[in-house]
Amino acid sequence: MATEQASPTVSIIGRDTVRVDGPRKVTGVAQYTSDFHFPGMLYAVPVGATIANGKITKLDITTAETMPGVQAILHRGNIGKIFRSIPGPGFAGICEERRPPFEDDVVRYYGQYIALAVAATFETARAAADAVRATYAAEKANVAMHLVADDEPDEVMTTFGPRKRLDNQRGDPDAAFANAPVKLDQTYVTPFETHNPLEPHSTTAVWEGQTLTLYESSQGVVNLRSVLAQMFGLPIEQVRVITKFVGSGFGSKLWPWTLCPLAAAAARQVGKPVRLVLPRKMMFHAVGHRPLTQQRVRLGATREGKLISLHHDYIYTRSMLDAHHEDCGEATPFQYSVPNLRVSFGRTKRNVGGGADMRGPGRVPGLYATESALNELARQLNVDPVQLRIMNEPKIDEGAKLPFSSRHLLECFQLGSEKFGWSKRNPAVGSMKRDGLTLGWGMAGCSWVAARFSAAANVQLRDDGTCRVASATQDIGTGTYTILAQLASERTGVPMDKVEVELGDTSLPEGPLSGGSIATGSVVNAVFAAADEAIGSLKMIAVSTPGSPFLNHKPDELEFKDGKIFVKNDNGANGVLFSDLLRRANLRMVSGNGQSAATFGDPKPKFSTQSFGCHFAEVTWQPEIARLRVSRVVTVIDAGKIINTLAGRNQIQGAVVMGVGMALLERTEYDPQNGAPINSSLADYLVAVNADAPAVEVHFLDYPDKEINQVGARGIGEIGLAGIAAAITDAVHHATGVRVRELPVKIEDLLG
Ligand code: MOS
């Protein structure tokens, strides 16, 4: 009965696997948010405030509203009711700026939306937005770069719940530091950074009666649905969010921003679908940024280099409206062994848009500071920086007092040193040369959290031999379509090209956010459980369908492997393809649902679950023309099982290139005169581009972490950006003798 071949004989997990959505992207078939068109659709363009602090005293829309083609000018007087949203239990209802659009006349940051022009074409809407005239009572904007913590209680409320400002303490850090034979006390600054995904934020709102559908470039459709349902006072089932393809987000699209309710309110008012795509300039205003951080790190050590004390006291900025917590000290309590430690934070308000998660939030700026401090200590002690870290390797997570589920950082250092050639390093500043260039070598360790968000998935096995796997998570360019296809293929034996993946739609079973590098780890068990349930149905059919060769068996005597049902004791002989069974039973499909519970935020974990890694970086320096380049990076990552080594390497390479930008280029400049982010274009806000990209060699260790899921995959979206800036700045010091503690490194810093 079976003639087709259905079986991947080797596992599809852990291999280089090309993107299943690649052809759709290359041919232009992939639908990004602004590719969805609707009859009668209108275009909206927001009007942004041109002050950063003060009040709107008058809004003149008379010219704008009479322009031909203009359908509406929305403002505080006519937008209609929009409610506030509140967070729910778990990771639900999260939003960084809860103020509904136009709620009051107060302007708290430059670019805050004060009106919205809606017109038949984008050009008309833009012209009308430009024609809106606002008069303000402006006050001085506070965008000062030097940070002093605001006077706040010991426990403060953040977007992610209450946090104690004394985040972590053990031993007696003050006394230990005072008595330490060797001391280091330095402050490190990371700038405001703005996410610059290729695809700007875009949203299209469509109402059908009391049902709202939002097409949105989102990293979390389920969360967005929950926030929007609250804002429009709707039952959750009357809101649907669709995100088929995302041109990346880097965290800026994790949580909803005010443009979504604006588009929905406009569509409600004009009775037509409304599209809102942010111009690049507005990407710098109201869709998040990485806060400015100022981190004081104090280390006490023995003369040999054993750490005695560690203080990590940091301050970050937030807006007048948000409570985003930039958790710089997240890794500090466990990255290295130290008996006396304190981690504390303060924050201070500025007239800027809402702060937000940006790739590696908290830990990326945090590890830049602590890893830089270790590198400086190594220099002070005349100890090799790798040796210093090896000397301070902990046995357990000393902060949580828990064993690590899996930690192989020493092996990362060893492999990285080998591949980079670290043993050839001459530590003397400016001593290494190649082809007339001065070389600088630096290194750093890194880590990132591993956990699961709750996830559900559905798997169908169909009579044409295909499989469909569905979950309301999204692919932000990182490879989630491909990962889900691999997982479904692995469990069902259906070849990759016969697996169809459906994501990015809240009508599907609730999937995880594409954030925290957690999506992949979260979906594994859910997809496997869904496949298992579908396979269970197949076995029932096999024993009950007239004419089936398995009529004399019980379901538990059957086995399913490589797409075939067979009797357990037959050692794989006489198998029948599931498609044959389904056709015989006149069934189009069997379907299974799978769930996997969250471990993120588990109050009583048994293990500390983290990924680890390290970077070795080389810079070249030409003092004659002050030309600095990152020429070479070797990165080793211990992230459990890597499901797709091709997509995995791509993630780490991309993160390292982003790290070159963090170290040398990226910084959002706010004009002290009016509070405007003035380098608000891709010409003026510098991100690392191809010409800046070094050769990046990526190595993965392969220690599956079964605490996270059955495959042992932990997640890799962010870890590659952690630590890299510290490795590069140490390489800069090695080449130039200049120690830069305020990112990015600028040419003028090196001209000294
Ligand atoms: Mo990431 S900052 O969790 O998108």
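**View 1. Glutamate 376 and arginine 739 are both buried.** Buried here means under 20% relative accessible area, exposed means over 50%, and partly exposed lies in between (1.4 Å probe, protein chains only). The model is predicted: local features need pLDDT of at least 70, side-chain atom pairs count only at pLDDT 80 or more, and totals for chains, interfaces and linings use all residues. Residues are numbered from 1 along each chain as its sequence is written, and side-chain values use heavy atoms, with hydrogens and water left out. Glutamate 376 and arginine 739 form a salt bridge, with 3.9 Å between the closest N and O atoms. A salt bridge is a side-chain nitrogen of Lys or Arg within 4 Å of a carboxyl oxygen of Asp or Glu. This pair links distant parts of the chain, 363 residues apart: glutamate 376 is in helix H8 (residues 363–381), and arginine 739 is in the loop between helix H15 (724–736) and helix H16 (747–751). Helices (H or I, at least four residues) and strands (E, at least two) are DSSP runs, numbered from the N terminus.

**View 2. Arginine 407 forms a salt bridge with glutamate 393.** The closest N and O atoms of the two residues are 2.8 Å apart. Both residues lie in the loop between helix H9 (385–391) and helix H10 (409–420), 14 residues apart. Arginine 407 has a relative accessible area of 13%, so it counts as buried.

**View 3. Aspartate 174 and arginine 342 meet in a salt bridge.** The N to O distance between their side chains is 3.6 Å. Aspartate 174 belongs to helix H4 (residues 173–179) and arginine 342 to strand S17 (residues 340–349), so the pair links parts of the chain 168 residues apart. Aspartate 174 is partly exposed because its relative accessibility is 43%. A network of salt bridges links Asp174, Arg298, Asp313 and Arg342. The search of the whole structure finds 42 salt bridges.

**View 4. Three strands form an open antiparallel sheet in the order S23-S24-S25.** Two strands pair if DSSP finds at least two bridges between them. Strand S23 (558–561) and strand S25 (576–577) are the edge strands, each pairing on one side only. Strand S24 (residues 564–567) runs antiparallel to S25, and two bridges join them. Leucine 577 in S25 stands opposite lysine 564. Helix H12 (residues 519–544) packs on the sheet and touches S23 and S24, where contact means heavy atoms within 4.5 Å. The direction of H12 makes about 130 degrees with that of S23; axes are lines fitted to C-alpha atoms, for helices over the stretch in contact, and angles run from 0 to 180 degrees between N-to-C directions.
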